[in-house]
Amino acid sequence: MSFNALQAKTWRFNCIGDTDVLTLETLPVALPAAGEVLIQMKTIGLNRADVMFRRGTYIQKAVFPSRLGYEGAGIVLAIGEGVRQFSPGDAVSILPTDNLAKYGTYTDKLLIPETFLVHKPDSLSWEEASSIWMQYLTAWGGVIHAGGVSKGKTILITAASSSVGLAAIQIAEAADAKVIASTQTIEKKQRLLDLGVKNVIAREDEPDLYEALVLRLGGEHLDVAFDAVGGPHIEQIAKAMSVGGTMVMHGALSPEITPFPLKVALRKSLTMRGFLFLEVLHDPVLREQARRFILSSIGAGYLRPVIDCCFNFEDMHDAQRYLESNQQIGKIVVTLNT
């Protein structure tokens, strides 16, 4: 194979906006520089952050023309000088990076530093291998690192039908914690129950979250809340927290203003903190702890990504629209015929 003649089909956008701003372009592929690896992509995992990035509402901002996409899996085509952990032919998964515009995974060939790669677990399919790191790094960091969840503690997990929500449930259950899950619709509640989640609140038929929590807590209180929504229900969650409890906010799905429950926080000595996966990614010690936990838990069968559906690479617009519809339970994956 002549690497000098390689080209990559890559989805990019030149202005913020709806799905239609994404265009499929053919771009030249550079040879790997020192510390870099060239990947032939097999699958791409989609995240809500991808949509927010495209719309200009994410913590990272696009630099045009911009790539996007945090996750994927594929086969090593070539390596640069100094790469020791990977060889051509290796199957790998891609860790989320801190530069979506530069290292976005919506492509059939990806050039990326080796620090953002891990060997693909043999027990996982290509679809599953592209779906583990964003959700499990976020969930491990929020539930175990920031939340301090351990055996016997009770945790509320909101947006529980999302890939991160499902990952958080699995991680909390692996820690032998008591889980209460919250989702928006009755349909999603039933699908979570079908997946084996025992205690689920659907806001559609129980709009008062505090009362729904009281009903399930049986006189006890929440030790930890892992919240992706924000908005007015933060006050209801705070009321259900135990003294010294921890509220970890890792998302802002609600379009409404998020109030700070000052009096409740003071009275209960609550810890309220934000969390992003970058907190784990940028700390070598935390990242290694998370990597070991996730890989060992996958090997033991405690963690398994839930795949909602798959789309072809050429049908990225349809995949994005489905992602924005918020109908999915778990991960949406894009597959490539490579």
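Reply: Happy to. A pocket here is an open set of points, on a 1 Å grid over the protein atoms alone, where a 1.4 Å probe fits and where there is protein on both sides within 12 Å along at least five of seven lines; its lining residues have an atom within 4 Å of a point. Its volume is the space filled by probe spheres set on the points, which are joined across faces, edges and corners. Please keep in mind that this is a predicted model, in which local features need pLDDT of at least 70 and side-chain atom pairs count only at pLDDT 80 or more, while totals for chains, interfaces and linings use all residues. Residues are numbered from 1 along each chain as its sequence is written, and side-chain values use heavy atoms, without hydrogens or water.

Let's start with the largest pocket, whose volume is about 610 Å³. It is lined by 28 residues, and those closest to its centre are Arg48, Ala49, Met52, His250 and Gly251. (Helices, H or I with at least four residues, and strands, E with at least two, are DSSP runs numbered from the N terminus.) H1 makes the largest contribution, with 3 residues. By class, the lining of the largest pocket has 17 nonpolar, 9 polar and 2 charged residues; nonpolar covers Ala, Val, Leu, Ile, Met, Phe, Trp, Tyr, Cys and Pro, charged covers Asp, Glu, Lys and Arg, and the others, Gly among them, are polar.

Across the boundary, 20 residues of domain 1 are in contact, meaning heavy atoms within 4.5 Å, with 15 residues of domain 2.

Now look at H1. Its buried residues (under 20% relative accessible area with a 1.4 Å probe and protein chains only; exposed is over 50%, partly exposed in between) are Ala49, Asp50, Val51, Phe53 and Arg54. Among the elements covering them are strand E3 (36-45), helix H2 (100-103) and helix H12 (316-325). After H1 comes Gly56, with a positive phi near 80°. Pro65 sits in the loop between H1 and strand E4 (72-79), and the peptide bond that joins Phe64 to Pro65 is cis, with omega about -10°. Most residues other than glycine have a negative phi, and most peptide bonds are trans.

His250, one of the residues closest to the centre of the largest pocket, is placed in the loop between strand E12 (241-249) and helix H9 (262-268). His250 counts as buried because its relative accessibility is 17%. Beyond its neighbours within four places in sequence, His250 is in contact with Thr138, Val164, Phe226, Asp227, Ala228 and Phe275.

In the loop between H5 and strand E9 (178-183) you will find Asp176. Asp176 has a positive phi, near 65°, in a residue other than glycine, and counts as partly exposed at 44% relative accessibility. Gly330 is in the loop between H12 and E15. At 6% relative accessibility, Gly330 is buried. Leaving out residues up to four places away in sequence, Gly330 touches Ser161, Ser162, Ser163, Leu166, Val306 and Asp308.

Last, visit the second largest pocket, which has a volume of about 380 Å³. Of its 19 lining residues, Ala159, Gln184, Val229, Leu253 and Asn326 lie nearest its centre. This lining divides into 5 nonpolar, 10 polar and 4 charged residues.

Note on methods: Pairing = 2+ DSSP bridges.
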